[in-house]
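Please consult the sequence and the coordinates alongside the text.

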Amino acid sequence: MKPDDLEDRIARQPWRPIPAEWREEILAAVRQARRLAQTPTVASPTPGWRLLLSTLNSQLSTFLWPSPKAWAGLAALWIVILGVNLAARDTTPAPGAKPAAPPSRELLQALAEQKRLLAELLEPPERPAPVRPRPSVPRLRSEAERRDVMA
Amino acid sequence: MQMAAPEDLERLYDEHAPALFSFLLNFTRNEADTRDLLQELFLKLAQCPGLIAEARDARAFLLRLAHNLAIDLFRRRGTDAKQCAQLAAEPGPLFAPASDPDERAFREALAAALGELPAEQRAVVHLKLWEGLTFEQIAELLDIPPNTAASRYRYGLDKLRQRLRPLYAEIK
């Protein structure tokens with residue numbers, strides 16, 4: 001691409017010079033940092049949890065930076081949904097459930113009666129005493145014949 | 001931690017600080033930010049002298065570092081593109097004062113026109129026009145594809161031309 005006159009003229013415009021006092025200020029700041037770095041410090045090291053939080057913050061900032069408002073809005077929406085969900089949760093007992101109360105006397109009697117009837121029904125019936133067959137004594141054949149004749 | 005020798009930093013400052021100053025001033029359009037970023041850059045160089053020692057092209061490396069620091073500053077502040085554009089639109093003394101009124105008018109118009117460009121187009125235009133870098137060098141410096149660098153330059157320059165052509169035709 002061949003530069004035209006206007007492009008060439010733009011490129012020839014001189015920039016404002018850097019303020020002269022900056023040189024000493026910046027180099028002095030660097031020298032001070034150098035001195036601090038060389039001085040042995042007795043300060044306690046940064047606690048691990050603080051370092052972890054700092055790293056987390058830095059990473060999250062980098063991740064969320066392109067649209068922090070959108071992320072914050074999404075987080076707020078989730079909190080609202082969670083709140084609505086918790087508020088709408090049914091805390092009443094089931095329809096059949098009643099608070100426990102001591103049973104009345106009539107109820108206890110009815111229960112006892114039912115229990116007794118059930119026991120009667122379930123018990124096996126009284127059987128008559130088994131009839132013992134008389135031991136059969138073998139008889140003589142001739143004796144039977146005699147009885148027939150006499151009859 | 002081993003730090004760079006003061007004389008090395010002084011030499012680096014004398015060689016590169018004017019170019020870094022104009023780049024940062026054009027990119028941030030804020031003199032206080034430019035000052036802070038320049039100091040932060042030299043502190044980094046002092047803390048990590050190996051950084052510059054390993055660089056093939058010291059100027060390109062320092063411009064890249066300056067650009068990254070400026071981007072980090074915008075992120076820390078949460079400065080979005082709209083705020084950047086508002087800041088950039090405020091005219092500031094970017095160019096050297098000129099005694100000739102036509103030249104002065106052209107510089108003021110150029111400063112205002114640069115302020116209307118998006119920051120990333122402004123960075124590419126600056127590196128191409130005032131640092132004389134190729135699109136490949138600009139692409140490497142800004143961590144973008146060369147085609148993107150070329151298109152940003154073309155769009156930026158077209159806008160400058162549109163804005164400056166009437167005045168240029170008048171004073172030429």
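The largest nonpolar core comprises 42 residues, a nonpolar core being a set of buried Ala, Val, Leu, Ile, Met, Phe, Trp, Tyr and Cys residues joined through C-beta atoms within 7 Å; buried requires 20 or more other C-beta atoms within 10 Å of the residue's own, with C-beta atoms placed from the backbone. Among the residues with the most contacts inside this core are B:L20, B:L24 and B:I138. Its largest share, eight residues, comes from α1(B), helices being DSSP runs of H or I of at least four residues, numbered from the N terminus. Domain 1 (1-79) and domain 2 (91-172) of chain B both contribute, so the core lies between them; the bounds come from an automatic or database domain assignment.

The model is predicted: local features need pLDDT of at least 70 and side-chain atom pairs pLDDT 80 or more, whereas totals for chains, interfaces and linings use all residues. Residues are numbered from 1 along each chain as its sequence is written, and chains are lettered from A in the order in which they are written.

Within chain B, the axes of α6 (residues 101-116) and α9 (residues 146-171) come within 9 Å and cross at roughly 170 degrees; axes are lines fitted to C-alpha atoms over the stretch in contact, with angles from 0 to 180 degrees between N-to-C directions. This makes α6(B) roughly antiparallel to α9(B), a term for angles over 145 degrees.

Between the chains, the contact takes 23 residues from chain A and 32 residues from chain B, contact meaning C-beta atoms, placed from the backbone, within 7 Å. On the side of chain A, α2(A) gives the largest share, ten residues.

Notes. Helix = DSSP H or I, 4+ residues; strand = E, 2+ residues; numbered from the N terminus. Parallel < 35°, antiparallel > 145°, perpendicular 65-115°, else oblique. Contact = placed C-beta atoms within 7 Å. Buried ≥ 20, exposed ≤ 12 C-beta atoms within 10 Å, placed from the backbone.
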